[in-house]
Amino acid sequence: MSQEMRVNEDVFIMGEDIGLYGGAFGVTRGMIEEFGNERVRNTPISEAAIAGAAVGAAMTGMRPIVELQFSDFITIATDQIVNQAAKNRYMFGGKGKVPLVLRTPSGSGTGAAAQHSQSLEAWMAHIPGLKVIQPSTGYDAKGLLKAAIDDDNPVIFYEHKLLYRTKGYVPEEPYSLPIGKADIKRQGTDVTIVATAIMVHKALQAAVELEKEGISVEIIDPRTLVPLDIETIIESVKKTGRVVVVHEAVKRGGFGGEIASLIAESEAFDYLDAPIKRLGGKSVPIPYNPVLEKAAIPQERDIIQAVKETVFRR
């Protein structure tokens, strides 16, 4: 964000406590000292007002970056996002632009309980006019965020809370990654796992254990849900003949169902040696209790079990 703000004065950031406090998860720490109050704007506690102001700014030529403290709070800004940001370009015959990035921490694992731990990305993926990004690494997050800021369409950018704590290679220089291109995180031959966000890391851990038992796992990270690189997924499934789709969001109505149906509707269906397996969160609000919190979403052992059920099915 800082790199983009240095080269483009139209880029600014707004949200609750993003100034001196540095944001709920410290992402904007130090930015107000460099860019000042005009471009790092603390806002009132009103997600509807934040999103509405950002949509208006984007429509008049600015490139706002919004930080919502928790992705659950998108529910409060739904009208501005769904009925204004997503519809503007279509309703004005392509002449209107809404270059808005809405960043928001999602997912569980921090003991934040039912109102601050949800994974609602499938809601936004359902809305025509929005792009939806969900990276799993720092490298992907930086490259995709630059691409999102440069995009003339509204982008919802989900950042899993636990991934803020991870470390990995991220180049200092600016770079972009294409929106709508999946990444093969691990090559394999026996089964494909399509995983998103924190589940990519759980799948990688599971793959190491499964390899000890002679099961070769390929892991595909879509990185962006809309647009979705279904072609990379299909090619992987055609190679392995088996697929497990896993995400943290509640299984019922989750984006995994979309991926599964696209596979079933494609030429990859003829290559399947077992039914498509879906893993997702249980249909309960995320509990505060840490043991129950873990029980509510897929863990490494659940992925291992799902893969075995798929691989050994005859």
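Buried means under 20% relative accessible area, exposed over 50%, and partly exposed in between, with a 1.4 Å probe and protein chains only. This is a predicted model, in which local features need pLDDT of at least 70, side-chain atom pairs count only at pLDDT 80 or more, and totals for chains, interfaces and linings use all residues. Residues are numbered from 1 along each chain as its sequence is written, and side-chain values use heavy atoms, leaving out hydrogens and water.

**View 1. Tyr90 on the surface.** At 74% relative accessibility, Tyr90 counts as exposed. Tyr90 belongs to helix α5 (residues 88-91); helices (H or I, at least four residues) and strands (E, at least two) are DSSP runs, numbered from the N terminus.

**View 2. Strand β1, wrapped on both faces.** Here we look at β1 (residues 11-15), where five of the five residues are buried, so the strand is largely enclosed by the rest of the structure. One side carries Val11, Ile13 and Gly15, the other Phe12 and Met14, and all of them are buried.

**View 3. The neighbours of β1.** Two strands pair if DSSP finds at least two bridges between them. Five bridges link β1 with β3 (residues 63-67), and the two run parallel. Three bridges link β1 with β2 (residues 40-42), also in a parallel arrangement.
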